[in-house]
Amino acid sequence: MRAPAIAALLDPFTPFAVPFMARPLLLLLALAVAAGTVGVLVHLRRLEFSADGLTHAVFPGLAIGAVLGGAAGLLPGAIGAALVAAVVLALIARRGQPRDTAVAIVLTSFFSLGVVLVSATEGIAGSLSDFFFGRLLTITWGDLWIGLALIAAGVALVAATARAQLFAAFDAAGARRAGLPVLGLEMAGTVAVALVVVAASASVGTLLALAVVIVPAAAARAVTGSLRAAIVVAILFGAVTGWLGLWLVVQLAELGLDAAPGATVALTMIVGYLLALAAGAVRGRARRPAPRAVAGVR
């Protein structure tokens with residue numbers, strides 16, 4: 001292969017000059033911002049299982065949306081189901097049930113309802129597959145603007161309640177004694193997660209949305225102990241791995257391999273997370289004080 005051809009193949013910018021590559025890149029960059037805000041909140045409050053439950057709870061909304069509006073009804077249906085699931089989840093947890101129990105109840109009930117709706121309706125399986133497995137390279141400008149609006153709403157919810165959310169994350173009992181609306185904070189945080197999960201589902205699919213929301217924050221916490229630094233690192237991690245995953249899809253296509261874009265991006269993030277874990281372990285060893293010599297022992 002000639003040098004110019006190799007240079008064109010490895011060019012990190014040219015593939016994104018075309019709209020069908022630029023749109024998913026913009027969405028992934030916005031999701032990186034969400035990972036650095038909403039994702040960090042999820043990590044601090046240990047809501048990863050709740051986020052996973054929300055990705056499954058959108059299923060009946062997808063089914064209802066597909067029945068009422070076809071492919072155009074998927075996103076509104078997912079938004080409605082995610083918001084209802086977020087509120088129900090917060091209320092069940094507030095009634096004294098352990099949060100994991102509440103998530104399991106919501107996940108099972110909503111997913112079962114979705115299965116019943118799909119089994120009773122013909123001709124919607126093809127529409128639902130887009131949301132399950134993603135359609136990263138075929139999102140339209142309309143899909144992009146809706147996704148950006150959902151992400152902006154989720155990030156705004158977290159930003160508006162950031163101080164109180166952090167207080168509740170580190171000292172829930174103290175937050176209640178201080179008179180903070182803990183239930184309202186839980187609902188706001190869960191709704192923010194739901195909005196970002198739906199935005200991610202439109203691109204990488206519900207089965208991989210959790211990776212886009214959670215992995216950048218987990219990687220950031222692996223390499224830094226500062227909350228401010230974790231936010232910055234999570235955003236940079238999400239942006240770089242999202243771009244790299246899309247770039248890798250192009251390179252694989254040049255080699256004749258038709259890789260699933262959403263899954264490729266998610267796997268790229270997982271590899272980045274493993275590298276962050278290794279870097280964090282090396283950093284921890286470097287900072288660990290050397291053992292002192294015992295007197296009388298040479």
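Ala51 counts as buried, because its relative accessibility is 1% (buried means under 20% relative accessible area, exposed over 50% and partly exposed in between, with a 1.4 Å probe and protein chains only). A word on the ground rules: this is a predicted model, where local features need pLDDT of at least 70 and side-chain atom pairs count only at pLDDT 80 or more, while totals for chains, interfaces and linings use all residues. Residues are numbered from 1 along each chain as its sequence is written, and side-chain values use heavy atoms, with hydrogens and water left out.

Ala51 sits in helix α3, residues 48-57 (helices are DSSP runs of H or I with at least four residues, strands runs of E with at least two, both numbered from the N terminus). Beyond its neighbours within four places in sequence, Ala51 is in contact with Val193, Val197, Leu210 and Ile214 (contact means heavy atoms within 4.5 Å). Ala194 is 143 residues from Ala51 in sequence, yet their C-alpha atoms are 7.3 Å apart.

Ile214 leads us into α12, where it is one of the buried residues, along with Ala211, Val213 and Ala217, among others.

Next, Val155 in helix α8. Its C-alpha lies 6.8 Å from that of Ala192, 37 residues away in sequence. Not counting residues up to four places away, Val155 touches Ala34, Thr37 and Val38.

Helix α8 (141-160) also supplies at least two lining residues to the second largest pocket, as do α2 (19-44), α9 (162-170) and α13 (227-254). Here a pocket is an open set of points on a 1 Å grid over the protein atoms alone, where a 1.4 Å probe fits, with protein on both sides within 12 Å along at least five of seven lines; lining residues have an atom within 4 Å of a point. The second largest pocket holds about 290 Å³ of space, and 14 residues line it, with Val158, Ala162, Leu166, Leu227 and Ile231 nearest its centre. Helix α2 gives the largest share, five residues.

Gln165 lies in α9 and is buried, with a relative accessible area of 2%.

Leaving aside neighbours within four places, Thr264 is in contact with Gly245, Leu248, Val249 and Ala259.

Stepping back, the protein has 14 helices and zero strands. Buried residues make up 45% of its 298 residues. Of the contacts with a separation of 6 or more, 78% join residues 24 or more positions apart.

Notes: Grid points are joined across faces, edges and corners, and a volume is the space filled by probe spheres set on the points.
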